[in-house]
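This report describes how one protein chain is put together. Look over the sequence and the structure before reading on.

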Amino acid sequence: MTNEEQVKKITCYMAHFISHIAKKLPDDVTAKLEDLRKKEDSPLAKVIYETMTRNQKLADELNRPCCQDTGVLQFWVKCGTQFPLIDDLEALLKKAVMISTQEAPLRHNSVEVFDEYNTGTNVGKGTPTVWWDIVPHSDTCEIYVYMAGGGCTLPGHAMVLMPGEGYEGVAKFVLDRMTSYGLNACPPLLVGVGIATSIETAALLSKKALMRPIGSHNENEKAAKMEQLLEDGINSIGLGPQGMGGKYSVLGVHIEHTARHPSTIGVAVNVGCWSHRRGHIIFDKALNYIVDTHSGVTL
Ligand code: SF4
């Protein structure tokens, strides 16, 4: 296969994958929503969860996105230096977004700053967002595709705490946001928390935390304990599905962290909504793919 044919093939795969993600929630989110539906007692909470299930069924039957806000496309690319299309990836992801915008269709969500016009393609200066992790001596490529909506993970919050504020300060920061901005997204929420050395490192980690499977835990025991404590604390606010009240407010709380300067605690919160549209695809060097977030996908 020539390079041109390879680029065409993976562009086509990615366009179809984006369109699929717009319509069908990943398996772990679907399972968690079902789990929460069973655990809620109030008739209103149950009706809302049943409506979410119906939303998914209709999106599939009618072949259209399950939420009107199909977001800004954000990609985490974990690419081996020897992956054959590493040079072409960023351009082909843009092309895939343009194709999916027509095919899915996706809402037009890319407005040029200062010039203030909507490109109509979901591609603009710096959009879609592409973050890179380069992996030496590898010939595979993993791509997380994420639809970041205007009410959920685009308006995140971050700040740098004084070291004396400690982990209590981190918990206070997270809980304060959950009782204010957290409500902009449609609960139950997936809460991503980044703890690092500065605003930008914490912010990026809080977004990366949302790529983790629901039910996973930070590998550091103390961090995992804090995830559980925050989850219990946010559940006790009683947001329930769509903020209409219930015993459970979250799909989960995920913390990602790095080491920090002794004088700073960077902390950030990023919130995914019940319609948490993210997918994960892995390509080998022959462009065979595995999708491990959505069962039964053929691109
Ligand atoms: S918060 Fe999520 S479900 Fe609600 S409108 Fe935004 S993207 Fe859709």
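Between domain 1 and domain 2, about 2000 Å² is buried, and 68% of it is on carbon and sulfur atoms. The size of an interface is often given as the accessible area lost when the parts come together. The model is a predicted one. Domain 1 covers 1-149 + 275-299, and domain 2 covers 157-272. Their C-alpha centres are 23 Å apart. The contact involves 22 residues from domain 1 and 22 residues from domain 2. In domain 1, the residues that lose the most area to domain 2 are Glu 40, Trp 76 and His 276, together 26% of what that side buries.

An open sheet is formed by five strands in the order S4-S1-S5-S10-S11, with mixed pairing. Its edge strands, S4 (129-135) and S11 (289-291), each pair on one side only. From one strand to the next, the twist averages 15°.

Helix H4 (residues 89-103) lies across S1 (72-80), S4 and S5, at about 150° to S1. Helix H6 (residues 199-208) also lies across S1, S4 and S5, but runs at about 95° to S1. H4 has 15 residues and spans 20 Å from its first C-alpha to its last, close to the 21 Å expected at 1.5 Å a residue. Which residues of H4 are buried? They are Leu 89, Leu 92, Leu 93, Ala 96, Val 97, Ser 100 and Thr 101. An α-helix has 3.6 residues a turn, so residues three or four places apart point the same way. The buried residues of H4 pack against helix H1 (3-23), S1, S4 and S5.

Strand S7 (residues 189-196) is mostly covered, with eight of its eight residues buried. In a regular strand the side chains alternate between the two faces of the sheet. On one side of S7 are Leu 189, Val 191, Val 193 and Ile 195, on the other Leu 190, Gly 192, Gly 194 and Ala 196, and all are buried.

Strands of a sheet pair through backbone hydrogen bonds, either parallel or antiparallel.

| Strand pair | Sense | Bridges | Residues facing each other |
|---|---|---|---|
| S5 (residues 141-148) and S10 (residues 278-283) | antiparallel | six bridges | Val 145 opposite Gly 279 in S10 |
| S7 and S8 (residues 250-257) | parallel | seven bridges | Gly 192 opposite His 254 in S8 |
| S7 and S9 (residues 265-272) | antiparallel | seven bridges | Ala 196 with bridge partner Gly 266 in S9 |

Definitions and conventions. Residues numbered from 1 in each chain as written. Predicted model: local features only at pLDDT ≥ 70, side-chain atom pairs only at ≥ 80, totals over all residues. Heavy atoms only, no water. Pairing = 2+ DSSP bridges. Helix = DSSP H or I, 4+ residues; strand = E, 2+ residues; numbered from the N terminus. Axes fitted to C-alpha atoms, helices over the stretch in contact; angles between N-to-C directions. Contact = heavy atoms within 4.5 Å. Expected span 1.5 Å × (residues − 1). Buried < 20%, exposed > 50% of the residue type's maximum accessible area, 1.4 Å probe, protein only. Domains from an automatic or database assignment. Buried area = accessible area lost by both parts, 1.4 Å probe.
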